[in-house]
Amino acid sequence: MFTLPGKESGTPTTCAGPASTQDLGSSYGDCLEGECSRKPDQKLPELHGVGDPVMFSDSSYLSSRGRMIKWFWDSAEEGYRTYHMDEYDEVKNPSLTQSDMQWVEPSLLQYADWRGHLFLREEVAKFLSFYCKSPAPLKPENVVVLNGCASLFSALATVLCEVGEAFLIPTPYYGAITQHVYLYGNVRLAYVYLDSEVTGTDTRPFQLTVKKLEMALQEANSKGVKVKGLILINPQNPLGDVYSLGELQEYLVFAKRHQLHVVVDEVYMLSVFEESVGYRSILSLERLPDPQRTHVMWATSKDFGMSGLRFGTLYTENQDVATAVASLCRYHGLSGLVQYQMAQLLRDRDWINQVYLPENHARLKAAHAYVSKELRALGIPFLSGGAGFFIWVDLRKYLPEATFEEEMLLWRRFLDKKVLLSFGKAFECKEPGWFRFVFSDKAHRLRLGMQRVRQVLEGEAQVAEDPAPCKTQELSDQRR
Ligand SMILES: Cc1ncc(COP(=O)(O)O)c(C=O)c1O
């Protein structure tokens, strides 16, 4: 949630919304269902078949691929453009203040191993061993560093899949992954649709089960789409939920049974602010069912609030995969100076453990408690699992009709009040009316944001009956 000065009103404006410019990520999707998410007034590109050019008319300078890449940018960024054009002017908080961060030595200015300097990969291996609680020390040779998870998704898609092949991904999911795997790699996503209904076999809303994975895999196969892997985000974005150890093991065994790669995005690994949720990194497992097909990613964008620094890392035991990704690091690699700074940061374990993480978790917890309390006071159901920066909010009762057009209209009403939320369709949620609220912001901005949310919702006639009984509540109340 951000506070912005209102240009016209002169009052600060708030946006409860994405933590990064990616966050309104478009859901181009794999179109397996012929259903791609876009704003109603924007035309979707059609996939004419694997590898066929897609025609866009707005620039004669770009290739068809370039035009399509530009289309994604144009269509996904409206909320963020609005925010940046009208941004609150607050005193900036410099993040890297330690003087030894500024070190420059000649070797840092030379070409280096594209996997990353050994001194950094050693530090990353130690860091991940400690925070992921790996049963044995992780190895620097299994580490590749590059400029963020977005690039890593792109690189992994390209080196693991042929053009037109797919990854399974449970929805709702962080929608920008669609672009990450498609724009360079031409790889699609095959959705495992989850819903809010709690059934006999499911114990919580939007629960991923092996049965649902099997069904989605079969469906993709029946449409002639070859599935190469499964993407898991843990902690989950946008649900703010984590998978239990048992669940992780089941998903990994499923993947092994079908010889699927598993790409685990743990970018929110250190942003678990409720210890009771029992988060487990995949790297903490005593034994991975298929280590050669298990690839883990982490970055500093979220856990250290440094999305502009562009640092991410892959951990994989598969040396072919590590080498192929490293080869693409010629385009996605980090400057020697940033590598040096990252090693300095990651080795500062005392500061991270004693100062940074306790303070960060306390702030996340307080902000989460505040927004939860406000939502409860408004009688709005929501899900939130004690991890990440967001609450998954059920605004279905505010839609006159259960359609994505109505969801978009409501999103626009928030934006008109200068509150930037993310709508469910951007995460390929199959039920219209879910919104992601980002709460990782300062108290005064959250207060302003929630006041504006209240104004929008109180201005809405509550035309719809409460939707079908969905026992939405805080996940932490009903955790395993
Ligand atoms: C789940 C998830 N993965 C990856 C990213 C992108 O990370 P990076 O900044 O390292 O590219 C985001 C950013 O919002 C995210 O939420």
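These legends go with a set of close-up views of a predicted model.

**View 1. Strand β8 sits between β7 and β9.**
Here we look at β8, residues 294-299, with β7 (residues 261-265) joined to β8 by four bridges and β9 (residues 312-316) joined to β8 by five. The β7 pairing runs parallel, while the β9 pairing runs antiparallel. To find your way around, look for Val 263 opposite His 295 in β8, then for Ala 299 opposite Gly 312 in β9. As a reminder, strands of a sheet pair through backbone hydrogen bonds, either parallel or antiparallel.

**View 2. The side chains of β8 point two ways.**
In a regular strand the side chains alternate between the two faces of the sheet. In β8, Thr 294, Val 296 and Trp 298 point one way, and His 295, Met 297 and Ala 299 point the other way. Are these residues buried or exposed? Every one of them is buried. With six of its six residues buried, β8 is largely enclosed by the rest of the structure, because buried here means under 20% relative accessible area.

Which residues does Leu 128 contact, once its neighbours within four places in sequence are left aside? They are Lys 133, Leu 138, Met 269, Trp 298, Thr 313 and Tyr 315. Of these, Trp 298 is one of the β8 residues from the previous view. Leu 128 and Trp 298 are 170 residues apart along the chain, yet their C-alpha atoms are separated by 9.0 Å.

**View 3. Helices α6 and α7 run side by side.**
The axes of α6 (residues 210-222) and α7 (residues 245-257) come within 10 Å and cross at roughly 30°. Angles under 35 degrees count as roughly parallel, so that is the label for this pair. The crossing of α6 past α7 is right-handed. On the α6 side of the contact you'll find Val 210, Leu 213, Glu 214 and Leu 217; α7 brings Glu 250, Tyr 251, Phe 254 and Arg 257. Sorted by class, the contact of α6 with α7 has five nonpolar residues, three charged ones and no polar ones.

Now for α10 (residues 336-347) and α11 (residues 349-377), whose axes are 5 Å apart at an angle of about 55°. That angle makes the two helices oblique to each other. Leu 345, Leu 346 and Arg 347 in α10 meet Arg 349, Trp 351 and Ile 352 in α11. Four residues of this contact are nonpolar, two are charged and none is polar.

**View 4. Two prolines follow cis peptide bonds.**
Most residues other than glycine have a negative phi, and most peptide bonds are trans. The bond joining Thr 171 and Pro 172 is cis, with omega about 5°, and Pro 172 lies in the loop between β4 (166-171) and α5 (177-182). Another cis bond joins Asn 234 and Pro 235, with omega about -5°. Look for Pro 235 in the loop between β6 (227-233) and α7.

**View 5. Asn 186 and Phe 206 have positive phi.**
Asn 186 isn't a glycine, but its phi is positive, at about 55°. The loop that holds Asn 186 is the one between α5 and β5 (188-193). Phe 206, also not a glycine, has a positive phi of about 55° too, and lies in the loop between β5 and α6. Asn 186 is buried, at 11% relative accessible area, and Phe 206 is buried as well, at 3%.

Terms used:
Residues numbered from 1 in each chain as written. Predicted model: local features only at pLDDT ≥ 70, side-chain atom pairs only at ≥ 80, totals over all residues. Heavy atoms only, no water. Axes fitted to C-alpha atoms, helices over the stretch in contact; angles between N-to-C directions. Parallel < 35°, antiparallel > 145°, perpendicular 65-115°, else oblique. Left-handed = near helix turned anticlockwise from the far one by under 90°. Contact = heavy atoms within 4.5 Å. Nonpolar A, V, L, I, M, F, W, Y, C, P; charged D, E, K, R; others polar. Buried < 20%, exposed > 50% of the residue type's maximum accessible area, 1.4 Å probe, protein only. Pairing = 2+ DSSP bridges.
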